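The report that follows walks through a structure shown below. Please keep the sequence and the model in view while reading.

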Amino acid sequence: MNISAIIFYAISALILGAGILAVTSVKIFRSAIWLLFSLVGIAALYFWMQVEFIAAIQIVVYVGGIVVLIIFSIFLTQHSGKEMPKPTKSKMIFSALASLSGTAFTYNLISHYDGFTFNSSKPFNTSMNEIGTQMLSTTNYGYILPFELVSMLLLAAMVGCIVIAMRPSSNQIASATIMLTESEILNKKD
Amino acid sequence: MQEITLTQILFVSTALFFIGMYGLFTRRNLITMLMSIELMLNSVNINFVAFNKYLYPEKLDGLFFTLFIITIAAAEAAVAIAIIINLYRSHNSIDVDDATEMKY
């Protein structure tokens, strides 16, 4: 058993253990912190697979962005020390059964499939140079169009978030109540 | 014990996906459900990178899919949290059992 395999098993144990605790912990803040550990473990797995760029993106976007956003929203909407109500016994049992049977089915499929054709003869070049050139190339198999589409999506999501989370102004609330009372009056007339 | 191959990495990502599914089934709180969805998206990302590294090392398509999934997950989390905050303002709770106006 070489050192690479030992590191892989340690990282997998971190990911899965932290993931299980993230979905079963009764305190919501602890659950968010376990999610953080699980995401850091996934970044470590990317480092283990020698895709340093994806690992860096994972740490910057997930650990630095999404988890912080989740923690902020916990502070805005929850009493973070309060325990969440536990799911009912039957729901827990049936969910665990569904997940376990799905896992067993997929494990069975993967372990019996031997059609993977490994061609490790060619090097796996994931330098920044290569990634940038291929992502922004306009030739065949270039990724410039999805890149631009995703930037439009991010802009739309940003505007949409601001509009959704914006508190309606008192003017709008007043006009809405006027409309409501008018419709009530109309209803009564009918 | 032999070298780590693609199969072991697929086992890990499968287990992570079904852990996320278990969380999605049992949790009734919108924020924790969002956290479970993040776990599932991450397991898919592991799959993309592993397939790219072990089966098609001469291309980089899996890495690009991973990058786009991470971007879209970030946008999705931001929109979801805006909706959650709005729901909290109108219902004073983010439990899915409390938001039943459009149920039937």
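By class, the contact of H1(A) with H2(A) has 15 nonpolar, 4 polar and no charged residues, with Ala, Val, Leu, Ile, Met, Phe, Trp, Tyr, Cys and Pro counted as nonpolar, Asp, Glu, Lys and Arg as charged, and the others, Gly among them, as polar.

## Numbering and confidence

Residues are numbered from 1 along each chain as its sequence is written, while chains are lettered from A and ligands numbered from 1 in the order in which they are written. Because the model is predicted, local features need pLDDT of at least 70 and side-chain atom pairs count only at pLDDT 80 or more, whereas totals for chains, interfaces and linings use all residues.

Chain B averages a pLDDT of 89, and 98% of its residues score at least 70; pLDDT is the predictor's confidence in each residue, from 0 to 100. For the complex, the predictor gives an ipTM of 0.92 and a pTM of 0.87.

## Chain A as a whole

Chain A comes to 7 helices and 0 strands, helices (H or I, at least four residues) and strands (E, at least two) being DSSP runs numbered from the N terminus. Of the 190 residues in chain A, 18% are buried, a residue being buried if 20 or more other C-beta atoms lie within 10 Å of its own, exposed if 12 or fewer, and partly exposed in between, with C-beta atoms placed from the backbone. Among contacts in chain A between residues at least 6 apart in sequence, 50% join residues at least 24 apart.

## From H2(A) to H3(A)

The packing of H2(A) and H3(A) has an angle of about 175°, with the axes 8 Å apart, and that makes H2(A) roughly antiparallel to H3(A). Residues making this contact include A:Ile28, A:Phe29, A:Tyr46 and A:Phe47 of H2(A) and A:Glu52, A:Ile54, A:Gln58 and A:Ile74 of H3(A). The residues of the contact of H2(A) with H3(A) divide into 20 nonpolar, 1 polar and 1 charged.

The loop between H2 and H3 of chain A holds A:Gln50, which has a positive phi of about 60° although it is not a glycine. With 10 C-beta neighbours inside 10 Å, A:Gln50 counts as exposed.

## A helix pair in chain B

In chain B, the axes of helix H2 (residues 30–55) and helix H3 (residues 61–91) come within 9 Å and cross at roughly 175°, and H2(B) and H3(B) are therefore roughly antiparallel to each other. The residues of their contact divide into 16 nonpolar, 4 polar and 2 charged. In the segment after H3 of chain B lies B:Asn92, a residue that is not a glycine but has a positive phi of about 60°; B:Asn92 is exposed, with 9 other C-beta atoms within 10 Å.

## Where the chains meet

The contact between the chains takes 69 residues from chain A and 58 residues from chain B. On the side of chain A that touches chain B, the largest share, 12 residues, comes from H4(A), and the residues of that side divide into 47 nonpolar, 19 polar and 3 charged.

B:Val49, placed in helix H2 of chain B, counts as buried with 23 C-beta neighbours inside 10 Å. Not counting residues up to four places away in sequence, B:Val49 touches A:Tyr46, A:Met49, A:Val51 and A:Ile54 as well as B:Gly62, B:Leu63 and B:Thr66.

Methods:
Contact = placed C-beta atoms within 7 Å. Axes fitted to C-alpha atoms, helices over the stretch in contact; angles between N-to-C directions. Parallel < 35°, antiparallel > 145°, perpendicular 65-115°, else oblique.
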